[in-house]
Amino acid sequence: MINEYLLGMDMGTTNIKAIIIDTKGNMIASASRKQNLIQPKPLHVEQDANEWWKSAVEIFRELRLKAGNSVMENIRGICVSSHTVTILPLDKDGNILRNAIIWMDNRADEEVKELTEKIGLERYRNIIGTNPSGTFMAGKLLWLKKNEPHTLEKTEKILQASSFINYRLTGVMSMDDSQAAMTQCWDRNNEEWSKTVGDAIGVDLDLLLPNPKPCGEIIGTVSQKASLETGLSKGIPVMAGASDCMTSMYATGITKISEAGESSGTTSMIFVGSEKQSRPECRVSTKKCDLPGMPYIYDAPLSATGASLEWFLKTIGKEYEICAAAKNIGIYEYMNSAAEKVKAGSNGVFYYPYLQGERAPLWNSYARGMFIGMSLSTTTDDMARAVLEGTAFAIRHVVEVIKDEGAEISSLRITGGGAKSRTWSKIKAAMLGVPVLIPDEKSGEVPFGDALIAGKSVGIFEDLSESIKELIEVKEVIEHDREWEAYYNDAFPYFKEMYLKLDETLKELQEMQSKRK
């Protein structure tokens with residue numbers, strides 16, 4: 001009997017990672033490459049798609065070295081997910097016309113205002129199912145039309161990070177429906193590119209954007225050219241792919257509506273199953289889901305959770321590097337132990353993780369990172385704990401919005417780098433008042449969700465829900481500390497209210513500063 005294998009790849013913002021699993025979910029090999037951000041101007045955040053492909057090629061070749069020829073020659077399917085939403089324009093010959101404008105970019109606030117005024121807020125919400133935001137595609141397309149019309153004139157299609165890799169593998173320009181739904185160009189009522197939004201931008205979205213395909217649909221196979229370049233076998237089926245949110249949900253093992261998940265990395269994505277679509281005025285939207293009994297999923301992105309920890313360690317907590325080295329432990333491990341020694345509430349210090357503005361549920365670029373409540377007795381350890389708590393408060397803010405829509409949450413499954421921090425997970429458990437479940441190292445990987453999609457598409461996994469239950473293993477359950485929970489329940493209204501009282505002032509401050517640049 002010939003063994004069969006599946007390859008999943010996730011195009012993360014800071015890392016691209018791929019894994020190979022067998023049909024029983026066992027990890028055969030993995031490889032990754034770090035990615036760079038390009039910030040040509042304030043609020044502008046881009047990436048070089050050539051670097052994406054270079055990294056992908058290196059990863060595929062490393063997988064062959066690690067897994068061996070017999071494994072690579074028996075890969076049944078490939079699925080690629082990615083951060084979203086991206087604007088990567090290609091011309092008719094597939095040439096890259098400019099750097100990719102990625103989700104972190106906040107250049108298009110004024111364009112979103114312009115679109116909202118043209119369409120009308122209520123009508124716009126009804127079309128896209130949520131609040132308009134410069135994080136997504138519509139405003140950035142208008143920015144591109146106004147500032148780089150020559151680029152738009154040459155553009156054949158605009159792709160996402162995952163669909164660009166798929167294009168290089170198959171020669172097919174495509175898009176998956178999970179990312180299409182997040183563009184704010186998609187009419188969720190009629191399930192088509194919105195003519196209203198396209199007209200407001202001044203483009204034909206049907207021509208500019210690929211026709212979305214279901215995540216698991218096979219769009220093509222690895223071409224001869226791609227085979228020679230990557231070391232992959234010619235003819236392997238390639239799926240349309242998905243947003244990292246969708247594959248994270250599969251990778252954490254969510255199969256029931258009451259289960260919530262967090263993909264925890266530089267940013268966080270919160271996802272919760274739902275029986276119905278969110279209301280248009282809700283500050284968290286729903287997307288379609290193909291798991292039985294779970295027709296929709298809330299997906300709520302937060303901009304700078306893990307990034308807040310990284311920033312803290314590079315600045316205020318720089319001394320931790322020396323302390324960690326003295327104890328012969330990692331710097332994040334040292335931060336966790338230091339923070340756990342501080343009582344819940346960080347001795348009165350609140351931290352707001354809005355270093356990159358904020359997506360859900362604020363949806364603005366003018367929010368800013370803040371410490372509030374410091375005194376002469378505030379220590380570095382107090383601030384370390386405040387960073388962990390502040391990011392957890394932000395997650396609770398999202399969860400409260402989802403609960404207001406009628407959803408129930410009985411547990412939180414965490415995958416990604418953030419799952420390695422037991423202190424952080426313990427804080428999240430108490431913050432939400434539910435147990436936190438940590439999948440094992442294999443199961444929690446986002447590319448594992450890609451591999452599951454590929455397996456379903458090629459017939460290896462007949463029932464995706466049952467396969468998820470069989471293959472995803474939980475290595476630890478972290479219960480919520482009742483004393484911490486009581487404090488967070490009392491403190492959360494203050495966390496929310498203090499920001500709301502500053503919101504308009506922060507907006508005016510950004511407008512003043514923009515005029516002086």
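How many aromatic pairs does the structure hold? In this predicted model, the count comes to 16 aromatic pairs. A pair of aromatic rings is described by the distance of the centres and the angle of the planes, and two examples show how such pairs can be read.

The rings of phenylalanine 136 and tryptophan 363 form a tilted pair, with 5.3 Å from centre to centre and 45 degrees between the planes. Phenylalanine 136 belongs to the loop between helix 4 (121–128) and helix 5 (137–147), whereas tryptophan 363 belongs to the loop between strand 18 (350–352) and strand 19 (370–372), so this pair ties together parts that are 227 residues apart in sequence. Both phenylalanine 136 and tryptophan 363 are buried.

A second pair is formed by phenylalanine 393 and tyrosine 488, and here the arrangement is edge-to-face: the centres are 5.9 Å apart and the planes make an angle of 85 degrees. Because phenylalanine 393 lies in helix 16 (residues 380–404) and tyrosine 488 in helix 20 (residues 482–515), the pair ties together parts that are 95 residues apart in sequence. Phenylalanine 393 and tyrosine 488 are buried too. These two residues also belong to a cluster linked by ring pairs, whose other members are Phe350, Tyr352, Tyr354, Tyr487, Phe492, Phe495 and Tyr499.

Over the ring of tryptophan 484 sits the charged end of arginine 385, 4.2 Å from the ring centre. Lysine 426 also lies over the face of tryptophan 484, at 4.5 Å from the ring centre.

Attention now turns to strand 14. Strand 14 (residues 259–264) is mostly covered, with six of its six residues buried. Glu259, Gly261 and Ser263 point one way from the strand, while Ala260, Glu262 and Ser264 point the other way. Burial therefore applies to the residues on either side, taking buried to mean under 20% relative accessible area.

Which strands pair with strand 14? One partner is strand 20 (residues 411–415), which runs parallel to strand 14 and is joined to it by five bridges. Another is strand 15 (residues 268–274), which pairs with strand 14 in the antiparallel sense, again over five bridges. A hairpin of three residues joins strand 14 to strand 15. Serine 263 brings both pairings into view: this residue stands opposite threonine 415 in strand 20 and opposite methionine 269 in strand 15.

How values were computed: Residues are numbered from 1 along each chain as its sequence is written. This is a predicted model: local features need pLDDT of at least 70, side-chain atom pairs count only at pLDDT 80 or more; totals for chains, interfaces and linings use all residues. Side-chain values use heavy atoms; hydrogens and water are left out. Rings of Phe, Tyr and Trp (its six-membered ring) pair if their centres lie within 6.5 Å; planes under 30 degrees apart count as stacked, over 60 as edge-to-face and the rest as tilted. Helices (H or I, at least four residues) and strands (E, at least two) are DSSP runs, numbered from the N terminus. Buried means under 20% relative accessible area, exposed over 50%, partly exposed in between (1.4 Å probe, protein chains only). A charge sits over a ring if NZ of Lys or CZ of Arg is within 6 Å of the ring centre and within 35 degrees of the ring normal. Two strands pair if DSSP finds at least two bridges between them.
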